[in-house]
Amino acid sequence: MALQIVYLPLQLAILLTMAPLINGIIKKIKAFTQKRKGPPLLQQYYDFIKLWHKTPVVSKTTSAFFLMTPYVVFAASLAAGLLVPAYYAIAPDNFPADAIVMVSLLALGRFFMMAAALDPASAFGGMGSSREAMISALIEPSILVCLFTAGIASGSTDIPLIFSAAAMGKISLLTPFGFVTFLAIFTAFFAETARIPVDDPATHLELTMVHEAMVLEYSGRHLLLMEYGAAIKQLILLMLMAGLFLPFGFYSMAVALLVFPLKILLLAVLVAIAEVATVKLRLFSVPNLAAIAFIMSVLGFLQFFMSGESHG
Amino acid sequence: MIGITAKGLLESALGLYFAAAIVSLVFQKQPKAGVAACNMLCMVASVCCGAGALMVLLARAPLAGYSGFQFAVPFVAVSLQMDKLSAFFVLCLAVVVFCVSLYAMGYTRRVISQRSNGVYGFLYGLFIISLLWVLTAENTLFFYIAWEMMSVLSFFMVAWHADKAENKKAATTYIIMTHLAAAFLLAAFLMLYQHTGSFSVFADSSGMSAEVKNIVFLFFIVGFGTKAGILPFHIWLPYAYPAAPGSISALMSAIMSKTAVYGVVRFVFFNLEIGQTWWGALLLIMGLLSAVLGSAYAFVQTDIKRLLAYSSIDNIGIVFMGLGISAMSHTAGNHTGAFIGMVASLFHSFNHALFKGSLFLSAASVETAAKTRDMNRLGGLIKTMPRTGVLLLCGGLSVAALIPFNGFVSEWMTYRAIFTAVTIQSEGLNILYLVAIAGLAMTGALAVAAYVKLFGIVFLGKPRSAQAEEASEVSPAMIVANGLLTAMCLMVGVFPVTIIQIISKIAMDLYPSNPMIPVQTSSWYQPVSFTVSVDKIAPLLAIFALISILTVTILLILPLAKNRPVRRCVTWDCGYPKLTPSMQYSATGFSKPIVIVLRMVFRPLRKKTVTGSHPYHPQGIDYDTAAYSFVETNLYKPFTRAVYSAANRMQSIVQTGSVRRYLGYIFFLLLLLMAYNRMVP
Amino acid sequence: MADLFKTLSVLILISSFVVMAGKRIESAVAGYRLQSVLIALAVGIEGSERFAHEKTPDMLLMCLLIFLVKVVWIPNRLCAAQARLHSASEKDFILNIPILVLLCSLLVVFIHFVFSGIEGISWGPLHDRLVNSVSVVFIGMLFMISRKRAIGQIIGFLVVENGLFVTAMFATGGMPLVVELGILADVLTAVMVMGAMVYAIHDHFDSIDIEKLNHLKG
């Protein structure tokens, strides 16, 4: 019980320290596969420090809403992150860690980011925002269906409870249902985190930009918060996958917390490999990807009922 | 007991509304006094009926039916009742009418006064009375009369600006659709009477055969579904809501569409009692279609009020989804699902009344200030109308089901209801639930997009026209009224327990055999939780987390950042010297990607005309684009076309104009009837 | 007495056949005059019977009125109209006269068939009388349909009215005087209005063929 007191500080620490690291890991692996050296692992920390010391330049056209947005985006991501425990057993009993609350918090961040992109009255912001609207509308169903399936399998939509059910073997990557659901979430992950094949985080080309177009007008500490928020969101999704599909190593709190970074690392490697192995899709081919993710999420749901797992 | 009774409050509210209507007519020559008196009376009346409704909701015993006035016609009496269900909807009405009347103090004088303020107030008062009667009628015939009264009065309101052709068309479509629907209702009521022998809304339908119940159910769905505007009966709605004056649009969307929800719950759930699984499935499918397509169409609109109108279709769809899940779970014997579904659906009705009322008022404010509703001519209003901007933002966050606001709680409950409804026993129905989850998720994402567009295009960026540039903040009464609704959205979102407890009493009335005690906690600030499941939601805690993180971040960053103040500069322009407002994304362009992706649903029209002789050196290119509702183009258009061509053919074959032929029709009809009479004893 | 009425009802029916069989308008009008005479006779017999028993002169008065209006005034007026319009020569019926008469007799059979299924009048003298008089109504309608020229419709209408009157008389032993007077007034008005219309049609189209009216359709 006493361990539950450390839950919030622990979560905050994990989210704040690990989030920028993930980007470093992924970039490093991508560079490795391309026979490049790549930026140092801690590059995003350096970027953040640099951004912190810069004077933010803000468009004259914008309103207070534009200045408020980075804080909301960051806070919403972090609050959502508190709902996805790194180690489920230390989540407090009455903690309201509902999966849909998490989705809604992330959506709140997205709402502000999309709206703020329209504030500087530049065509880039509108473009990113309008593309984000399309992509999120297409991807959201897959994510919720996956969460829903996991919820059905564990009898709850409460994330710590879903994780503990997974730890008891109710969701397993080795069953058809678990595997297909994982593939669906994994596919949706790329759209949610603005990665290839949906978006290219490395370019500033208006034909391909989505996320970058939205934060184009931000600079200094505002950009820091926006990027930090995005990094935390990416970590949350990885933690979600880790909790659902890699439920091992929960012998004690110490072991669990040691194994946890390894799981995230494993997923990050997978993400990097997948990103290298694919190409950026045309914007209007993204619906096909979304369709694949959706079909897999539906298959996962059906598999759950067909393969008799529901009876076990 | 001497003192205030719910009956007395209800009667005095009716009297006061009537007085407001009359006063408005009497003071026609002094518009200032007339508007003020009429709206003041309406506000007092709303306080009365709100108090009455609360008394019924918090007390144990319902307000029994009684006859206020008996007409000479048999069965028709002004007989009113107010049980918990009615009281709940009356409470919605009271809250919204109070705010709308306050708003109208500022609004009416500015906008309506080109025409007769007196007549406007008169219709307004009567419209509220008809709404109140619909919600409290004890007798189906009186219900029907009140329903027709409501339809006709709202028709007058829709036709208020009928000098514009599109408004005239809107009013015509509205009156046709609503009357068709009313015919179905009347048929359903008469069938109920035939089989139960009573016109009471509490008639016991246990003696009816399943076939008759099925038909009556379908009639109710057509009748109420049209008023609610669910697919495929929605075609009037996106035209009628925008055509009405601002405060009336708010009332129509917030309350009038709820009368249909009331009707479905009252007659299908309480009266017919859910018979078969397909009833619930039908409700769920129609709700799902309305939700997804409603939000998709809302996203592509460029007229503020039409966007809100489509969004109403979306939200009513969510309400119907809750009802469908409740019905399906009930037939499957799943008490939890039935219970949560009903609570979710009624709660969402309440929330929708609050936030859509507020949003329509904001839209009216924008229209008053900028003299246009076309989003492609607006922009940057937050600098001149900051208060309205914040209110519209909050309304948008509520309707997009984002976390600190009320829309989230009821949508979460709808998710939970679907989650609870999925069981191993339900077999194939699980697919339907799955589709419902996916649809609800897509609806949520599209609603976020639609309200980003509404807020972002209208309030952020640069003004796209001179009118938008010259707009100024609206009067304090309008801000306060709208602010009240918004504040309630936030209150209900943060502390939802009290209202959920009230609603669960209604659900308990509906499913008395339900063994569980619905809401576990008794204190108003506690998380909501259902004893039957281990899950809980505490918006309060999530909000607490959100707000504390936000505060801490800001408090940490601002002092440290003091030595590096924000530097203001022009928007990055890629080196191009002059960015003009027309280089921003337009409202049409913003939703273009979705239109292209979902072209099956939108049937976009694209027309490119190139002027000039040489193809490589055109003098100008005209590009027209528009998105049409496929229900309208693929369902109603072919139907009306078929009716017209059939009528034309009839004219040449049957209706020739020959007197002798007409005589022949009469002659043969007579012979046929006689023969029929002989053959069928 | 019952036999007398039965005979009269058969005669009235036959007179409507005569109306139908008339090739020219004049002969149809003559048939109508004959039918009206027979009706007046029936009313007169019934009326004198009543007067003998109940001392009520209503029916006798009625008889007189019918004679004046239906036997004298209306037929004369119709003949006058026909003379004024001089449109005697053209063939104005849609089917051959024999076929029309055959149809009429089929109608009588049909009405008999229908009435035989109605409780209370499925047989007996009342049945026969009602079948005959209702048949008159239908033959009148058939006449209206079969004639092209507007005067034909007026005659058909009058036959229908006669049929209804006879039916009412046989079924109830005569309606109250006030009602009968009202109906008679209606018939008078109708004949006057329709007569005026016939002249209007003639002036407008140079013909009273009602098929010309089809052009008026919107």
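How many aromatic pairs does the structure hold over all chains? The structure holds 49, where rings of Phe, Tyr and Trp (its six-membered ring) pair if their centres lie within 6.5 Å.

This is a predicted model, in which local features need pLDDT of at least 70, side-chain atom pairs count only at pLDDT 80 or more, and totals for chains, interfaces and linings use all residues. Residues are numbered from 1 along each chain as its sequence is written, chains are lettered from A and ligands numbered from 1 in the order in which they are written, and side-chain values use heavy atoms, with hydrogens and water left out.

One of the aromatic pairs is A:F66 with A:Y218: the ring centres are 4.2 Å apart and the planes are at 0 degrees, so the pair is stacked (planes under 30 degrees apart). Both A:F66 and A:Y218 are buried (under 20% relative accessible area, 1.4 Å probe, protein chains only).

In chain B, one aromatic cluster is formed by B:F143, B:W147, B:F189, B:F220, B:F224 and B:F267.

Two charges sit over rings (NZ of Lys or CZ of Arg within 6 Å of the ring centre and within 35 degrees of the ring normal).

| Charged residue | Ring | Distance to ring centre |
|---|---|---|
| A:K263 | A:F248 | 5.3 Å |
| C:R84 | C:Y199 | 3.8 Å |

B:T372 is buried, with a relative accessible area of 10%. The side chain of B:T372 reaches the backbone nitrogen of B:D374 at 3.1 Å. Leaving out residues up to four places away in sequence, B:T372 touches B:V366, B:E367, B:R377, B:L378 and B:Q467 (heavy atoms within 4.5 Å).

Definitions and conventions
Buried means under 20% relative accessible area, exposed over 50%, partly exposed in between (1.4 Å probe, protein chains only). A polar contact is a pair of N or O atoms within 3.5 Å; within protein, one must be able to donate a hydrogen and the other to accept it, and residues adjacent in sequence count only if both atoms are side-chain atoms. Rings of Phe, Tyr and Trp (its six-membered ring) pair if their centres lie within 6.5 Å; planes under 30 degrees apart count as stacked, over 60 as edge-to-face and the rest as tilted.
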